[in-house]
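Please open the structure in a viewer and keep the selection panel at hand. The stops below proceed from the whole chain to individual side chains.

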Amino acid sequence: MKQASALIWARHKPLVWLVIGLAAIFLIIGVKSNYDNYQWVESHALTEQSFAKHHKDWGYKADQFAKYRHDTYDMVVKNDGDHAPIVDTQVGSKVAVMGILVLTALGLFVAGWDGQSQFDRFLAGLGLKRQTVFWAKLRLYLHWWRG
């Protein structure tokens with residue numbers, strides 16, 4: 001089993017590092033996008049100058065800035081049933097589904113790559129059973145995924 005794991009790791013190491021790098025890039029892009037959206041709301045919609053201009057349009061008195069700010073934050077993140085929040089509260093489930101789809105695509109790619117390049121035949125020629133190769137690959141990728 002150690003021989004199979006070592007050979008599979010040697011072959012798949014560049015792919016694993018590529019996936020880790022892409023995941024890090026997408027994580028950074030997502031965090032930056034959320035931060036930029038928050039900064040925009042803070043700097044444009046939730047300023048006292050903006051409130052002073054539009055408080056009558058929004059149904060607030062001139063001295064109700066704190067109430068307006070609280071209500072606006074609630075509208076951005078709270079889902080009370082009457083309206084959907086501006087910030088999506090279902091992001092976690094979408095990320096989980098996307099993760100499953102990405103891992104499935106990665107598994108199909110690895111299987112196709114190893115099949116086309118006859119790496120599986122090479123491992124079989126060394127006397128390794130298919131089950132041994134399967135469990136070694138699964139252990140490698142699950143160990144990598146867990147961290």
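The model is a predicted one. Of its 147 residues, 19% count as buried.

The protein has six helices and zero strands, so that the order of elements from the N terminus reads α-α-α-α-α-α. Among contacts between residues at least 6 apart in sequence, 55% join residues at least 24 apart.

**Helix α1**

Select residues 2-45, which make up helix α1. Where in α1 does the kink lie? Centre the view on His12: a kink of about 55° is located there, shortly before the proline Pro14. His12 also belongs to the buried residues of α1, together with Ala4, Ile8, Leu15 and Val16.

Now select Leu18, Leu22, Ile25, Phe26 and Ile29 and show their surface. These residues make a nonpolar surface patch of about 510 Å². Leu22, for instance, is placed in helix α1 and is partly exposed, with a relative accessible area of 41%.

For the last stop on this helix, display Lys32 and Asp36. The two form a salt bridge in which the closest N and O atoms are 2.9 Å apart. Lys32 and Asp36 are four residues apart in helix α1, a separation of about one helical turn. Asp36 is partly exposed, at 36% relative accessibility.

Then centre on Leu123 and ask which residues it contacts, leaving aside its neighbours within four places in sequence. The contacts of Leu123 are Leu7, Ile8, Leu128 and Val133.

**The salt bridges**

Side chains of opposite charge can pair when their charged atoms come close. How many salt bridges does the model contain under a limit of 4 Å between side-chain nitrogen and carboxyl oxygen? The count comes to four, one of them being the Lys32 and Asp36 pair already visited.

Select Arg11 and Asp114 next. Their side chains meet in a salt bridge with an N to O distance of 2.9 Å. Because Arg11 lies in helix α1 and Asp114 in helix α4 (residues 91-116), the pair ties together parts that are 103 residues apart in sequence. Arg11 is partly exposed at 21% relative accessibility, whereas Asp114 is buried at 0%.

Move on to Asp120 and Lys137, which form a salt bridge with the closest N and O atoms 3.1 Å apart. Asp120 lies in helix α5 (residues 119-125) and Lys137 in helix α6 (residues 130-146), so this pair ties together parts that are 17 residues apart in sequence. Is Lys137 buried or exposed? At 14% relative accessibility, Lys137 counts as buried, while Asp120, at 31%, counts as partly exposed.

Finally, select Arg11, Asp114, Asp120 and Lys137 together: these four residues are linked in a network of salt bridges.

Methods. Residues are numbered from 1 along each chain as its sequence is written. This is a predicted model: local features need pLDDT of at least 70, side-chain atom pairs count only at pLDDT 80 or more; totals for chains, interfaces and linings use all residues. Side-chain values use heavy atoms; hydrogens and water are left out. Helices (H or I, at least four residues) and strands (E, at least two) are DSSP runs, numbered from the N terminus. Buried means under 20% relative accessible area, exposed over 50%, partly exposed in between (1.4 Å probe, protein chains only). The bend at a residue is the angle between axes fitted to the seven residues ending there and the seven starting there. Contact means heavy atoms within 4.5 Å. Patches are made of residues with over 30% relative accessible area and no salt bridge: like charges are joined within 9 Å, nonpolar side chains (Val, Leu, Ile, Met, Phe, Trp, Tyr) within 5 Å. Accessible areas come from the Shrake-Rupley method with a 1.4 Å probe; for residues, only the protein chains shown count as cover.
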